[in-house]
Amino acid sequence: MNKLRWAMDGGFWDLDRSTPRTLEGEGRAVPGEPLPLGVSRGTRLSRPKQIDFFQRFMFAPFIPSYSASSHGFSLQRVLALPFTQNWFATLLAQFNLQKFASSFKKNGALQSSRLENIKKHLEDKSLYALGFCSELLLSPCDTLLLSLDFYGDDDNKKPRKKAIFHHKFPNHDLNVEAVWPGLYIDKAGNYWDVPFSMAIDLASLSSDSGASYHFCMHHSAGQPMQLGGDETVEVPATLLPGISLKSAFSLKKNVEIWRSNAQKLKMVQPFDIFLSNPHISASGVIGAAVMACFGDNSVRPQVVHESQQFEGLCLRAPAVKSTLLVDAFSSVSFTAQHGNFQRLLLDLTRFHARLDFPSGSKFLSGAARLAQDFCNSQQPTMETVQAICPKATVSFQQQIAGPFSFRVDSGVEIDWKNKDWHMCVDDPVFAIEYALHVLGSAKAVAWYSPKQQEFMVELRFFET
């Protein structure tokens, strides 16, 4: 299994977001719009396999999830169909417990014990959703995943279909994915259904230091439709029909400031091997990104410009509906950890902070204006200060007892509407993590997003 990418890529590349709105448990970021740290994830175990693991090894008969804007509180269960060693198929069933209880209360069924009333409510197809998933290992380097999801809560909701092909090259990963319709989430938290979406993604495997590159071709067709929310919100330009090509090259450097040399407890395995060394470290990334759009997704260049956070070179050819965007980006992160995560109480405290500069040209132009204002003894404008301020994200994790720890991930931003420019949190995500130390580095995560009003239980591997 490939090591999962931590969200260092999330400021400049499109990662999936965990969400209980779909049976597959994920949505895709609107191209160019980074998602919150706590729910942004790279390649991971499929949702049916996660639930199958919980049922087999953690004795959880049902897995709960909650989405205030969708189905409310629901329960999920998987039936595994292991046909052969290389072919794994599953049936995932979802039951809307909240709607079932509400219908009982509404119809006064709680005052009646007749079984026909229960049967009548259970026959309501809007309470159920069913998903079929097939994962076929074609070779040690090739995997094919096919899924089909049906939802009974809306007669007009089309089944969700997905096909993913993954090939592992030496030091590279290739993913070809097609979804119809595809669920996308923008940075404001709005959900969009795109009738058809296809992506080809080639990336070099990330390393602690050194060069890496990433190339992606994305094609979308059909008019995007917003799922609930404010109907006056304009469709993100990058979701409009068309083809976009995006490539990025970056250099990464890690610096270890301090690492503890104290001996660990003998004969005691850490709850997570990746969180067993107290240290202080920093890292930096600098790179360049190029994006070309062909089709309707390039007819609103000012929107593309803003959503992509590009302030660099922009070339347009309206006659052929094409746009070329070029810019630089950089990021600086800091990590500090105390404790070996071996003892039963308070043996892990971890803090991570990251500053992203999505547009190098925007930062340089803002810095130049700021220097000019200082030279002329003028007060900088709010726009000038905004131009040089990075996007900040922080993460804090604290062991509670044994394998249990509490974690919070959040963005940090300045309230520019306030004269005092107060700092405020942006889209925090709270989580309780249970480390599965027998697997080395794996954990069950129960997280809640107050902004989205979503709750979900997931299985994650190889994350720090």
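The legends below describe close-up views of one predicted model.

Residues are numbered from 1 along each chain as its sequence is written, and side-chain values rest on heavy atoms, with hydrogens and water left out. Because the model is predicted, local features are described at a pLDDT of at least 70 and side-chain atom pairs count only at pLDDT 80 or more, whereas totals for chains, interfaces and linings use all residues.

**View 1. The protein chain as a whole.** The secondary structure comes to six helices and 25 strands, where helices (H or I, at least four residues) and strands (E, at least two) are DSSP runs numbered from the N terminus. Of the 464 residues in the protein chain, 47% are buried; buried means under 20% relative accessible area, exposed over 50%, and partly exposed in between, with a 1.4 Å probe and protein chains only. Among the contacts in the protein chain with a separation of 6 or more, 58% are between residues 24 or more positions apart, a contact meaning heavy atoms within 4.5 Å.

View 2. The pLDDT, which is the predictor's confidence in each residue on a scale from 0 to 100, averages 84 over the protein chain, and 86% of the residues score at least 70. Over residues 37-42 the pLDDT stays under 50, and the model has 25 contacts beyond four places in sequence for this stretch. Residues 301-310 also have a pLDDT below 50, and this stretch has 26 contacts in the model beyond near neighbours in sequence.

**View 3. Helix α5 and its buried side.** Helix α5 has 16 residues (residues 360-375), which at 1.5 Å a residue should span 22 Å, and its end C-alpha atoms are 22 Å apart, in agreement with that value; the expected span is 1.5 Å times one less than the number of residues. The buried residues of α5 are G360, G366, L370 and D373. They cover an arc of only 150° around the axis, so they lie on the same side of α5, the arc being that of the directions from the helix axis to the C-beta atoms. What covers these buried residues includes β19 (322-338) and α6 (382-388), while the face of α5 turned away from its buried side carries the exposed residues L364 and C375. After the helix comes S377, whose phi is positive, near 55°.

**View 4. Helix α2 and its two faces.** In helix α2 (residues 97-106), the buried residues are F100, S103 and F104. Their arc around the axis is only 100°, which puts them on the same side of α2. On the face turned away from that buried side, α2 carries the exposed residues K105 and K106.

**View 5. Strands β8, β9 and β10.** Strand β8 (residues 142-151) pairs with strand β9 (residues 160-169) in the antiparallel sense over eight bridges, two strands being paired if DSSP finds at least two bridges between them. Strand β9 is also joined to strand β10 (residues 172-180) by nine bridges, and these two strands run antiparallel. F165 can be followed across both pairings, as the bridge partner of L144 in β9 is F165, and the bridge partner of F165 in β10 is V176.

View 6. The hairpin formed by β9 and β10 has two residues between the strands. N171 lies in this loop and has a positive phi of about 70° although it is not a glycine; with 56% relative accessibility, N171 counts as exposed. A cis peptide bond joins W180 and P181, with omega about -10°, and P181 is placed in the loop between β10 and β11 (182-185).

View 7. K321 is found in the loop between β18 (313-317) and β19, where its phi is positive, about 50°, although K321 is not a glycine. The relative accessible area of K321 is 38%, so this residue is partly exposed. H352, placed in strand β20 (residues 349-357), counts as buried at 11% relative accessibility. H352 and A336 are 16 residues apart in sequence, and their C-alpha atoms are 6.6 Å apart in space.

View 8. A search of the whole structure finds zero disulfides, a disulfide being a pair of cysteine sulfur atoms within 2.5 Å. C141 counts as partly exposed at 32% relative accessibility, whereas C216 counts as buried at 13%.
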